[in-house]
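The sequence and the structure come first.

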Amino acid sequence: MESTYYNPADLKKFGKIADWNKDLADKFFDYYGKVFEEGTLTAREKSLIALAVAHTIQCPYCIDAYTGDGLQRGISKEEMMEALHVAAAIRGGASLVHGVQMMNKYNKLSM
Amino acid sequence: MALKSLLSSHNELSNTKRQLEVLANGIFKNGELPTFSEKLKSCNQFPLQPNKLEVLQINLGYMCNQVCAHCHVDAGPDRKEIMTKETMEQCLNVIRNTGANTLDFTGGAPEMNPNFRWFVDEAAKAGIKDFIVRSNLTIIVSNKKYHDLPEFFSSHNVHVVSSLPYYRKEKTDKQRGDGVFEKSIEALKMLNDVGYGKANSGLKLDLVYNPSGAFLPTNQALLEKDFKKELKDGFDIDFNNLFAITNLPISRFLDYLLISGNYEDYMYALVEAFNPLAVENVMCKNTISVSWDGWLYDCDFNQMLGLKIANTNNHISNYNEDSIQNRNIIVSQHCYGCTAGAGSSCQGTVA
C-alpha cells in the first residue's frame, strides 16, 4: 500500500481509468478535450479558470497540471495568482454570505 | 543563469558519454517509455534517412559572451573552441561544390570568431545567397567592434535569427543573464534601424522563443501574436516571425532537469507529445552540421553529444555529399525534443 493518499506519478496514469470502464472513460475524455478547446472563451482563459477551480477543490493533480499548462501557454505568475484570489474570494465569500443565515437564525431565536 | 560552463565547473555531464547514459538508462531502459528508435519503428520511420541536403549549419565556435541556463552547446566566455581559418577554407571548398543552398552560422556567438566576416564574404563569392546567422543579440552591443554588425548583415542580406525567450525582462534575464533583456532590445532597435524586420525591406529578422523551464512551448502562431504586440507596444520593435523551439534534454538543460527533479516528467511530456508528422521535417533531414573543428554531424544537438555522422566521410576535409546522403541518421532519446507536438527545429515548428 502507498503510505500517502496522493502520488504525483498517478497523474500520468489518469488515462488508465479506461481499463475498468472504457466506454464511460472515452466519453469523459472526449468531453474534457472539447471543453478545453478554443471556443467563445479562449483556451487560455479556460486554463486560468481550471487553475482557480483546481485550488477551490484542492486537487493536487489538477494544480500540477494547470500550473504546467499555464506556463506552457505563457500565462504569467501574476495572472495565475490573481486567478487564485478570485477562487479564494468566492470561497471566502461563500462562507461569509452564510453569515446572513446565522444572523437570521440568531435574531429569530433571540427575544 | 549559469555562471560557468559545465566544462569549466567539472560537471560530470560535460562528458557527453555520461549524458548519453542518462538518456539511455532509467525509464527508457526499464521499458516504462519507448526509446526513440522503438518509437520510429512503431510508425515505420526507422531508420531515419536524409532528404535533399539544403542547409550546411556551421558552428564557428563555442565561445559566447553569455552563459545561458538552457544552452545545449554549453557555450560561454570560458570556451576557447573556435573554428580556424584553415577549417573555414576546407568548408569553402565544400561550399563551392555543394548542393546545399543555405549557410547557417551558429555558435557560441558566431560573430565572435575573428574570421567571421571574412568567411561570409568568401562564401558569398563562392555563390551562397542564403545566409542565416544565429545571433544572441547582445553581442551587437557588447563591444564597439560589433556595433556595425547590423550593417554587415544587411550588406549580405543575412537572415538574422535571434533568441529572445520572452518579451518581458524577468524571464529573459533569468534564463540568459542579468541585463540581457535590455541589451537585446537595444540590439533589436539597431537591427530595425537598418531595415531588419521592416515591411518590404527584404531583410529578415526572426526571433526564437524557448520555454524558461521544464515545459513544452505552446502554439507558435499564438506566441508570435503576443510577442509582436508586446514588442511593438512596449518598445516599437518589429520582427518577421517567431520560432517556438523545444528545449532538448542535453547539456545544461539536462543538468537543470536532473537537479530540479523534472527529468522524468519532462521526458514523459516529450514522448506523449510525439508527432509522427513532425518526423518528416526534422532539421536533420535537410541539414549537415559542421563543428568548429570540421567534424560532421546530423544536427547541432548530435554535435554536442559527440555523435558524428554514421559515414566514413565524417570530416569536412573528406566531405563526400553523395556518400553522406545515403547515411542513417543517428538518434537517441533527445530526438523526442524535435518531434514533440508541432515539432521543433532551428526554423521553429515543423508540422
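## Overall form of chain A

Among the contacts in chain A between residues at least 6 apart in sequence, 53% join residues that are at least 24 apart. The model is a predicted one, and in it chain A contains 4 helices and 0 strands, which follow the pattern α-α-α-α when read along the sequence.

The radius of gyration of chain A is 19 Å, whereas a compact globule of 111 residues would have a value near 13 Å. The C-alpha trace of chain A spans about 60 × 40 × 30 Å along its principal axes, and buried residues account for 12% of the 111 residues in this chain.

## Contact between the chains

Where chain A meets chain B, 6 residues of chain A are in contact with 7 residues of chain B. The side of chain A that touches chain B is made up, by class, of 1 nonpolar, 3 polar and 2 charged residues.

## Strand β1 of chain B and its partners

Strand β1(B), residues 55-59, is mostly covered, with 4 of its 5 residues buried. It pairs in the parallel sense with strand β2(B), residues 102-106, over 5 bridges, and in this pairing Q57(B) stands opposite D104(B).

Terms used. Residues numbered from 1 in each chain as written. Chains lettered and ligands numbered in written order. Predicted model: local features only at pLDDT ≥ 70, side-chain atom pairs only at ≥ 80, totals over all residues. Contact = placed C-beta atoms within 7 Å. Nonpolar A, V, L, I, M, F, W, Y, C, P; charged D, E, K, R; others polar. Helix = DSSP H or I, 4+ residues; strand = E, 2+ residues; numbered from the N terminus. Rg over C-alpha atoms; globule rule 2.2 N^0.38 Å. Buried ≥ 20, exposed ≤ 12 C-beta atoms within 10 Å, placed from the backbone. Pairing = 2+ DSSP bridges.
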